[in-house]
Amino acid sequence: PAAADEASPLAGLRYGAAVRDVPLAVEPEFRAAIARHCRQIVGEGGLKWYDIRPTREQFVFDAPDKHMAFATANGMTLRGHTLVWYGAMPDWTKAIASASDAERLLVGHIETVMGRYRGRIKSWDVINEAIPDDPTSRSDIRPSIWQQRLGEAHFALALRTAARVDPEAQLVINEYDIEFVGDRYRRRREALLRLIRDLKLRNVPLHGVGLQGHLRGDLAIDREGVAAFTAECRAMGLAVLVTELDVIDDKLPGPPEVRDILVAAKAYEFLDAVRAGSPIDSILTWGITDRHTWVPTYFKRTDGLPNRPLPFDAAYRVKPLARVIAHVL
Ligand code: XIL
């Protein structure tokens with residue numbers, strides 16, 4: 001049900017957004033928009049290995065501490081992103097030479113980072129992007145230092161450690177590019193399901209699956225594929241979250257008033273397939289305003305017009321995408 005507030009259709013719903021440190025520090029409009037529309041936030045960075053562990057000995061908690069303070073001051077919760085990811089690894093981790101060193105580091109990292117926010121970060125992307133871009137088999141796992149040194153057992157190790165450190169936390173496996181039509185995306189869904197089934201069969205603590213939802217405006221959504229995937233996850237007892245929603249609009253027609261509708265429609269197709277009759281646990285967008293988004297860094301338009309991937313425009317005016325999210329929640 002959409003909220004009554006016209007200018008904030010999302011206020012009070014299970015909606016949240018990723019926050020970026022510079023606007024959070026210096027732009028009052030950004031802080032106000034997050035506080036007004038969101039019930040939860042997540043750092044676009046801050047908890048990633050290269051942010052929090054520039055060296056082996058050092059933990060830098062400044063950014064996540066600020067996110068936590070902002071969330072608490074505004075009655076919101078903070079999600080944790082992320083503990084096990086092939087990406088955003090500081091260079092020094094390349095020197096992890098043995099299985100025992102890898103195990104010690106991973107376990108210690110989770111104890112220290114999760115431990116600091118125990119009882120306060122209630123939902124964690126423990127595992128991020130475990131599946132290769134283009135898997136060749138169902139058992140394909142993306143290369144990482146953890147996979148290299150510990151094999152697939154590192155996922156169970158991370159999840160068991162996480163459950164021990166904070167037994168109340170929701171432990172999530174988060175993945176991208178599982179929603180489009182085509183063989184590659186079907187293979188990605190199958191590989192992810194294989195991994196999830198395997199973890200559940202062995203009673204490894206895992207409570208949710210996160211669909212990042214970086215939707216490509218020009219790719220068709222595989223509605224049946226997505227609905228079957230989320231149905232199977234729910235049948236295994238998992239919550240389904242949308243964790244990083246935005247619509248990548250570099251290949252969509254130029255006029256903003258047209259593009260905003262196509263962006264919203266794409267998100268509706270996706271979200272409607274994700275829920276498939278059951279509520280979505282929560283929906284977070286990767287940023288809140290078109291003014292601050294990672295999209296142009298990787299998917300800049302060639303016509304010189306700004307990207308418009310998010311629920312509020314650069315002047316913080318509500319867009320059709322915000323209404324779609326409100327409707328689905
Ligand atoms: C991106 C951030 O938005 C950028 O600011 C950063 O430089 C790189 O990472 N999937 C993820 C996120 O899980 O962590 C990524 O965030 C976007 C894709």
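**Reading the words from the numbers**

Colleague: Why is asparagine 174 called buried?

Modeller: Asparagine 174 has 23 other C-beta atoms within 10 Å. A residue is buried if 20 or more other C-beta atoms lie within 10 Å of its own, exposed if 12 or fewer, and partly exposed in between, with C-beta atoms placed from the backbone. The count of 23 therefore makes asparagine 174 buried.

Colleague: Before we go on, what kind of model is this?

Modeller: It is a predicted model, where local features need pLDDT of at least 70 and side-chain atom pairs count only at pLDDT 80 or more, while totals for chains, interfaces and linings use all residues. Residues are numbered from 1 along each chain as its sequence is written.

Colleague: Thanks! Where does asparagine 174 sit, and which residues does asparagine 174 touch?

Modeller: Asparagine 174 is in strand β5, residues 170-175; strands (E, at least two residues) and helices (H or I, at least four) are DSSP runs, numbered from the N terminus. Leaving out residues up to four places away in sequence, asparagine 174 touches Thr82, Asp125, Ile127, Asn128, Gly210, Gln212 and Thr243. Here, contact means that two C-beta atoms, placed from the backbone, lie within 7 Å.

Colleague: Which residues are around the ligand?

Modeller: They are Glu44, Gly45, Asn128, Tyr176, Gln212, Glu244 and Trp294. A residue is near a molecule or strand if its C-beta atom, placed from the backbone, lies within 6 Å of it. This shell divides into two nonpolar, three polar and two charged residues. Ala, Val, Leu, Ile, Met, Phe, Trp, Tyr, Cys and Pro count as nonpolar, Asp, Glu, Lys and Arg as charged, and the others, Gly among them, as polar.

Colleague: How do you know that β3 and β4 pair?

Modeller: Two strands pair if DSSP finds at least two bridges between them. Six bridges join β3 (residues 77-85) to β4, and the two strands run parallel, so they pair by that rule. One example is histidine 81, whose bridge partner in β4 is aspartate 125.

Colleague: And what makes strand β4 mostly covered?

Modeller: Strand β4 covers residues 121-128, and seven of its eight residues are buried.

Colleague: Which other strands pair in the parallel sense?

Modeller: β1 (residues 15-19) and β2 (residues 40-43) do, over four bridges, and β2 pairs with β3 in the parallel sense over three bridges. Valine 42 is the partner of alanine 18, and valine 42 also stands opposite arginine 79 in β3.

Colleague: What is the peptide bond from histidine 81 to threonine 82 like, cis or trans?

Modeller: That bond is cis, with omega near 10°, and threonine 82 lies in strand β3. Most residues other than glycine have a negative phi, and most peptide bonds are trans.

Colleague: What is phi for alanine 276, and why is alanine 276 called partly exposed?

Modeller: Phi of alanine 276 is near 40°, a positive value in a residue other than glycine. Alanine 276 is in the loop between α10 and β9. Alanine 276 has 17 C-beta neighbours inside 10 Å, so it counts as partly exposed.

Colleague: And why is tyrosine 316 called partly exposed?

Modeller: Tyrosine 316 has 17 other C-beta atoms within 10 Å, so the term is partly exposed. Tyrosine 316 lies in the loop between α11 and α12, and its phi is positive, about 65°, although tyrosine 316 is not a glycine.
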